[in-house]
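Q: I have a sequence and a 3D structure to look at. How does one read the features of such a model?

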Amino acid sequence: MTDGNAIKEALGSMDAGRVFYDEKMSGHTSLKVGGSADALIVIENEHQLVAVVRKLREKNIKFFTVGNLTNIIVRDGGYRGAVLLMTGMKDIQCRPLAGDNVLMAAMAGASLAKVVSQSVAEELTGVEFCAGIPGSVGGAVWMNAGAYGKEMKDVIQEVDILDTSSMKRVMSRDEIAFSYRHTDFPDRTIILGARFKLVKGERAKIKERINDIMKSRQEKHPLEYPSAGSVFKNLPGMPAGKIIEDMGLKGTVIGGAEISPRHANFIINRGGATAADILGLIELIQFRARKEKGVALETEVVIIGENECSEK
Ligand SMILES: Cc1cc2nc3c(=O)[nH]c(=O)nc-3n(C[C@H](O)[C@H](O)[C@H](O)COP(=O)(O)OP(=O)(O)OC[C@H]3O[C@@H](n4cnc5c(N)ncnc54)[C@H](O)[C@@H]3O)c2cc1C
């Protein structure tokens, strides 16, 4: 059990950068829900990250690393501990390799939008599939994010991590087991950045592919409402959205949350939703899928924090 004071004391006189105590996570999650974290620490560089992480570990203070919070539900009771927000570490650099290959090195906090725009600027093909995924590089690597037939594993060459002993290490792609929206990094590993192997291409073709993807997203996804993208993982050969739609659950509402009438695997915040509303819909879908279809739907979204009744 921690609170803001324990974190304040732990960080003491060290230069921890920008720290916000008792910070409402609803202001940071793409779903616009979530109670307060004891502290939100904005990470600007590796040196600060290592110092903060070592101190938190030394003082036994729980922490959780996040990127853009586009795949996270923070429960209404908030998070007891420190949330490390990586979006201050955002540099991207490219260097040529042999032939037409180029290595793009992106820090964990860089947005995928920037990765995509940089690939257009430098005429590189390989990351078009990231267009419209609103996450950071760290979050995308951790989740093995993917879309339109490709995943992060298809372009990752190496990943820089801070391991569970707070030591920096480079992991080659072969050392990481990637599966559908999952990687096997040990719990509490922090991703510092990644290098992607891309290939020189034609700017017009790269742009065309990105535009097609963005158009398809506009058509299929309820982008006008806050969401966390797809809530459930698809089952082999059976999209989760189709299962939910077949059960007639599109448009089901709890409080301010709704199973999107446009895409059944999206739960949207129509205004004023709580995390409990969203979790209520998740439980309802899982219950009905087990009962009516005999399948267990696993969440793709990551759920953290405490229920409201346990808030300080
Ligand atoms: C409208 C919309 C569309 C989406 N479309 C897609 C899609 O097509 N495909 C897809 O895969 N996803 C999609 N998503 C989900 C989400 O954007 C991705 O999973 C994205 O990769 C998450 O990145 P993030 O930075 O927001 O991660 P967060 O939500 O901040 O974190 C997600 C997980 O990654 C971990 N994490 C984040 N950064 C680090 C780090 N530096 N080190 C260690 N762990 C870290 C967190 O601890 C957490 O477990 C969509 C979301 C939305 C809202």
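The dialogue below takes helices, strands, cysteines and loops in turn.

A: Keep in mind that this is a predicted model.

Q: How many residues does helix α2 have, and how far does it reach from its first C-alpha to its last?
A: Helix α2 covers residues 46-58, which is 13 residues. It reaches 18 Å from end to end, close to the 18 Å expected at 1.5 Å a residue.

Q: What is found at the two ends of α2?
A: At the start, a side-chain oxygen of N45 comes within 3.2 Å of the backbone nitrogen of H47. Just after the helix, N60 has a positive phi of about 60 degrees. N60 is a residue other than glycine, and it sits in the loop between α2 and β3.

Q: Is N60 buried or exposed?
A: The cut-off for exposed is a relative accessible area over 50%. N60 has 69%, so it is exposed.

Q: Which residues of α2 are buried, and what do they pack against?
A: The buried residues are Q48, L49, V50, V52, V53, L56 and R57. They pack against α1 (4-11) and against several strands, including β2 (36-42), β3 (63-66) and β5 (79-85). β11 (156-162) and β15 (190-200) are also among their partners.

Q: How do I read the sides of a helix?
A: An α-helix has 3.6 residues a turn, so residues three or four places apart point the same way. Helix α5 is the case to look at here. It runs over residues 203-220, has 18 residues and reaches 26 Å, close to the 26 Å expected. Its buried residues are I206, I210, I213, S216 and R217. They cover an arc of only 125 degrees around the axis, which puts them on the same side of α5.

Q: What is on the other side of α5, and what covers the buried residues?
A: On the other side, A204, K205, N211, K215, Q218 and E219 are exposed. The cover over the buried residues includes α3 (112-121), β8 (124-125) and β9 (146-147).

Q: How do I read strand pairing?
A: Strands of a sheet pair through backbone hydrogen bonds, either parallel or antiparallel.

Q: How many residues of β5 are buried?
A: Seven of the seven are buried, so β5 is largely enclosed by the rest of the structure.

Q: Where is an antiparallel case?
A: Three strands form an open sheet in the order β16-β17-β18, with antiparallel pairing. The edge strands are β16 (253-254) and β18 (267-269), each of which pairs on one side only. Two bridges join β16 to β17 (residues 257-259), and V253 stands opposite E258 in β17.

Q: How many disulfides does the structure hold?
A: The structure holds zero disulfides. For C94, the nearest cysteine sulfur is that of C130, 13 Å away. That distance is too far for a bond.

Q: How do I read a residue in a loop?
A: E300 lies in the loop between α7 (275-293) and β19 (302-304). E300 is buried, with a relative accessible area of 13%. Leaving out residues up to four places away in sequence, E300 touches N71, M143, Y180, R181, S230, V231, F232 and K233.

Q: Where is R181, which E300 touches?
A: R181 is in the loop between β13 (178-179) and β14. R181 is buried, with a relative accessible area of 14%. Its phi is near 55 degrees, a positive value in a residue other than glycine.

Q: What about P186: where is it and what does it touch?
A: P186 is in the loop between β14 (182-183) and β15. It is partly exposed, with a relative accessible area of 46%. Not counting residues up to four places away in sequence, P186 touches W142 and T164. P186 and E224 are 38 residues apart in sequence, and their C-alpha atoms are 36 Å apart in space.

Methods. Residues are numbered from 1 along each chain as its sequence is written. This is a predicted model: local features need pLDDT of at least 70, side-chain atom pairs count only at pLDDT 80 or more; totals for chains, interfaces and linings use all residues. Side-chain values use heavy atoms; hydrogens and water are left out. Helices (H or I, at least four residues) and strands (E, at least two) are DSSP runs, numbered from the N terminus. The expected span of a helix is 1.5 Å times one less than its number of residues. Buried means under 20% relative accessible area, exposed over 50%, partly exposed in between (1.4 Å probe, protein chains only). Contact means heavy atoms within 4.5 Å. A polar contact is a pair of N or O atoms within 3.5 Å; within protein, one must be able to donate a hydrogen and the other to accept it, and residues adjacent in sequence count only if both atoms are side-chain atoms. The arc is that of the directions from the helix axis to the C-beta atoms. A disulfide is a pair of cysteine sulfur atoms within 2.5 Å. Two strands pair if DSSP finds at least two bridges between them.
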